[in-house]
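Colleague: Hello! Could you show me how to read the inside of a protein model?

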Amino acid sequence: MPPAIDTSRPTDLLQGHDTKPEGSFLQRLPAETWPALLHAGLRGRIFARDELLPMGAEHRSVYIIWEGVVRQDRFPLGAGENIPSVTRFRGSGELVGEAALINRDATVQTRCLSRTVAIPCRAARFTALQTRHPDVQLALLRSLEDRNRSDELIYTMAIRPPVERVSRLLAHLADIAGVPDPRTAQTTVITGPSQKDIAVALQLAVSTTENAIRTLRYHGVIEARYRQFIVHDVDALRQFAAQA
């Protein structure tokens, strides 16, 4: 497991921002800009599993995910019982809540699926930081474009076989939320998303998702536990997805 950090000390957040997943906001941010943002007063906060990140008109904040994974649900047809949603997973290095930068009432339900360290920033303050540090705006725009392309590949390929789609999403989760198991050289642990979360995100039946995971388990690629996936070989998982 990653070492615990003292979220009250910006010095504990100085190291490792550039090692966040490829294409994420923090990875896109220049090395000299991140310390300047921390010195401007950004601080981390720990959110418990199943806790919602405060968003919407009352809070109007963006969050930089330092560690952990969140599930975001949008309701394009309006909220209510049995109303379809659009579900995405966001992880380490990503900025979430960006809609608040352009729309005061914009909101998306963002639930922490694991213990999550996030860095909150009021939307107005983040806008001011973008003005003061143009590299921040450029990093955000580039990361959002990377995210859009990744989302298209992972979430919208409904014509592809379920095993391929599930494999691709699990490989993505390994990249953005996986933690190396210190007991082995190759095993990666993904904590938070459940099989039902996977099914909702890919708009698959739960039984279809379970069958895909069963196939991956049969081939020794993964193990599935309660709100946890053990990936024995991420490269093998990617190869399995490509060959499905």
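Colleague: Is Cys-121 buried or exposed?

Modeller: Buried means under 20% relative accessible area, exposed over 50%, and partly exposed in between (1.4 Å probe, protein chains only). Cys-121 has 5% relative accessibility, so this residue counts as buried. Cys-112, at 0%, counts as buried too. A word on the source: this is a predicted model, where local features need pLDDT of at least 70, side-chain atom pairs count only at pLDDT 80 or more, and totals for chains, interfaces and linings use all residues. Residues are numbered from 1 along each chain as its sequence is written, and side-chain values use heavy atoms, leaving out hydrogens and water.

Colleague: How many disulfides are there?

Modeller: A disulfide is a pair of cysteine sulfur atoms within 2.5 Å. By this rule, the count is zero. For Cys-112, the nearest cysteine sulfur belongs to Cys-121 and is 17 Å away.

Colleague: Which residues touch the most other members of the largest nonpolar core?

Modeller: A nonpolar core is a set of buried Ala, Val, Leu, Ile, Met, Phe, Trp, Tyr and Cys residues joined through side-chain atoms within 4.5 Å. Here the largest one has 29 residues, and Phe-89, Leu-169, Leu-170, Leu-173 and Ile-222 touch the most other members. Helix H5 gives nine residues, the largest share; helices (H or I, at least four residues) are DSSP runs, numbered from the N terminus.

Colleague: What is Leu-170 in contact with?

Modeller: Contact means heavy atoms within 4.5 Å. Beyond its neighbours within four places in sequence, Leu-170 has contacts including Ile-190, Ile-198 and Phe-229. There is also a second, separate core of 24 residues, with Leu-13 and Ile-64 among them.

Note on methods: Helix = DSSP H or I, 4+ residues; strand = E, 2+ residues; numbered from the N terminus.
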